[in-house]
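Work through the exercises below with the sequence and the model side by side. Each task is followed by a solution in steps.

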Amino acid sequence: ALHCESSFTSRWPQKIFFYCHSAPTSGGRTPICDVRCVYRDIDPGIRAKFERLGVMYFRNFGKGVGMDWREVFQKADRQSVDAYCASHAIHTEWLDDDRLRTIQVRPATLMHPIVGQTVWFNHALALHKSSLADSLMKTLMRQRGESYLPHNAYYGSGEPIPSEVIQHIRDVHNRHTILFDWRPGDVLMLDNMLMAHGREPYEGERVVYAAMADPLTWQEVGIELTVPKAIPKIIDSETSKAKDHNLAYVEQGDKEFSRWFLKAVATELQMETVDGTDCFSAIGGDSLAGVTLISEVFDRYGVDLSLETLMESETIDSVLDEVRSQRSR
């Protein structure tokens, strides 16, 4: 989704550079959009609420979906992460299974320090749950609930942002989007506070390098950040967790199911064949591919396979054993 780089953090680059080393065979464009136009054309009532409340960013790190907190913060212990977050107006919550949740509030708009115009400068569109891939959001909402989504955006007060508001913001961005095809050797430089950017899906090899420069902080533009006092009230009981889900069983022979699942894994990972002794994550399976497979299993057999089982099992055979176990209950 279109965004201004790092607008949800405490420091962002004023300039961002792209260099196309190799262009894909299709797709893979980098949409860009003037966020002065976005600010101007957003419904005044919607814009005023965002300007009054700001945007709350809710993120979960670790366990299958979402990056590990050690990788994100480049720190090895919880105390260092807590200290960093406290100094950058970020609320931290440590969850089970060594997971981390962070909550922070940032402004939704900003006056550009050079051109003197107000810009739409936030990640509400990119980090709102409605921007997740549909199969990913449905699976995670069904299995874990909203409080365990990898990321979400709320108004700064903790109030949910309706999906229709995000769709309006998305439509305004799309109205002002500029598209171009990459060619090897192309260089693009953006003022990160004037132009949002994104990325399209693609086929073939795509290597586009990015570099950032001239960092700026909220304090340097006269805005003091504070740790959020209001935490969003999320009612996960409105969703069904995997362990509580009423499974709809389909009578199917184990051999036929096993053949179908192995073929589905091979298709998803673009491999000719996959063996039951293979490890899903070791042969290139990531969390997004896993969610696609989980959705297919649920739609076809009514079994809600957990992402942890798929990602952490030593072999695909052990994953199949778990599916058989659920089908026989």
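This is a predicted model, in which local features need pLDDT of at least 70, side-chain atom pairs count only at pLDDT 80 or more, and totals for chains, interfaces and linings use all residues. Residues are numbered from 1 along each chain as its sequence is written, and side-chain values use heavy atoms, with hydrogens and water left out.

**Exercise 1.** Find the helix that holds E312, then classify E312 as buried, partly exposed or exposed.

Solution. Step 1: E312 belongs to helix α10, residues 307–312 (helices are DSSP runs of H or I with at least four residues, strands are runs of E with at least two, both numbered from the N terminus). Step 2: buried means under 20% relative accessible area, exposed over 50%, and partly exposed in between, with a 1.4 Å probe and protein chains only. Step 3: E312 has 48% relative accessibility, so E312 is partly exposed.

**Exercise 2.** Describe the surroundings of H173.

Solution. Step 1: H173 sits in helix α7, residues 163–175. Step 2: its relative accessible area is 3%, so H173 is buried. Step 3: leaving aside residues up to four places away in sequence, H173 touches L2, C33, V38, W120 and L125 (contact means heavy atoms within 4.5 Å).

**Exercise 3.** Which strands pair with β4, and in what sense?

Solution. Step 1: two strands pair if DSSP finds at least two bridges between them. Step 2: β4 runs antiparallel to β6 (residues 99–106), joined by seven bridges; F58 has I103 as its partner there. Step 3: β4 also pairs antiparallel with β9 (residues 151–155) over five bridges, where the partner of F58 is N152. Step 4: six of the seven residues of β4 (residues 55–61) are buried, so the strand is largely enclosed by the rest of the structure.
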